[in-house]
Amino acid sequence: MNRRTTALSASVALAAALALTGCSSSSDASEDGKPDLKVSAAFMPQPVMDMAGGFLTIKNDSGTADKLTSVTSPLSDDVTIHETKDQKMREVKSFDIPANGELKLARGGNHIMFMELKKKPQQGEKVSIELHFEKSDPIKVDLPVEAANHNPQQH
């Protein structure tokens with residue numbers, strides 16, 4: 001009788017563990033298994049030359065990491081992503097977006113770079129961009145054009 005009770009207890013514990021595992025993994029990613037990405041705090045300072053920077057935060061509310069691989073925009077045919085290290089900018093191929101974390105593109109740090117602008121957007125306008133990822137579907141974002149010296153407080 002003791003063996004049967006132990007075996008039954010182990011079976012119930014295993015079934016419960018499997019059920020819990022199933023629940024947590026399904027909530028770690030969206031229904032299609034892709035990371036759950038949301039963009040916030042997006043803006044572009046009004047350009048003073050024929051180039052501009054773009055800044056935003058990408059929050060990943062899933063257990064699946066992703067990468068920002070490129071950005072496209074009708075504003076420029078030459079849009080790249082740059083990191084800033086030791087006060088030097090350099091183009092990179094991608095930025096990691098950690099599982100249950102975020103990627104911040106901010107002044108003085110990593111950012112989007114728009115070269116050879118087709119027009120100079122003015123404060124109050126919006127610049128449309130499309131973010132491309134390794135796993136997730138592209139996300140379209142409108143960057144509000146802010147004053148050239150705009151720098152939101154980082155929390």
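Predicted model: local features only at pLDDT ≥ 70, side-chain atom pairs only at ≥ 80, totals over all residues.
Local features require pLDDT of at least 70 and side-chain atom pairs pLDDT 80 or more, while totals for chains, interfaces and linings use all residues. Side-chain values use heavy atoms, without hydrogens or water, and residues are numbered from 1 along each chain as its sequence is written.

The chain contains one helix and 10 strands. Helices (H or I, at least four residues) and strands (E, at least two) are DSSP runs, numbered from the N terminus. The order of elements from the N terminus is α-β-β-β-β-β-β-β-β-β-β. Contact is defined as heavy atoms within 4.5 Å. Of the contacts between residues at least 6 apart in sequence, 70% join residues at least 24 apart.

Accessible areas come from the Shrake-Rupley method with a 1.4 Å probe; for residues, only the protein chains shown count as cover. Residues are classed as buried (under 20% relative accessible area), exposed (over 50%) or partly exposed (in between). Buried residues account for 34% of the 155 residues. Thr57 lies in strand β2 (residues 52-60). Thr57 is buried, at 10% relative accessible area. Beyond its neighbours within four places in sequence, Thr57 contacts Lys38, Val39, Ser40, Ala41, Glu102, Leu103 and Lys104.

A salt bridge requires a side-chain nitrogen of Lys or Arg within 4 Å of a carboxyl oxygen of Asp or Glu. Glu83 is buried, at 11% relative accessibility. Lys119 and Glu125 form another, at 3.1 Å from N to O. Lys119 is partly exposed at 47%, and Glu125 is partly exposed at 31%. Glu130 pairs with Lys140 at 3.6 Å between the closest N and O atoms. This pair links strand β9 (residues 126-133), which holds Glu130, to strand β10 (residues 139-146), which holds Lys140; the two residues are 10 apart. Lys140 is exposed, at 69%.

Asp50, Asp78, Glu91 and Glu116 form a negative surface patch. Patches take residues with over 30% relative accessible area and no salt bridge, joining like charges within 9 Å and nonpolar side chains (Val, Leu, Ile, Met, Phe, Trp, Tyr) within 5 Å. Asp and Glu count as negative, Lys and Arg as positive; His and the chain ends are not counted. Each charge is placed at NZ of Lys, CZ of Arg, CG of Asp or CD of Glu. Asp78 belongs to strand β4 (residues 78-85). Asp78 is partly exposed, at 34% relative accessible area.

Technical notes
Buried < 20%, exposed > 50% of the residue type's maximum accessible area, 1.4 Å probe, protein only.
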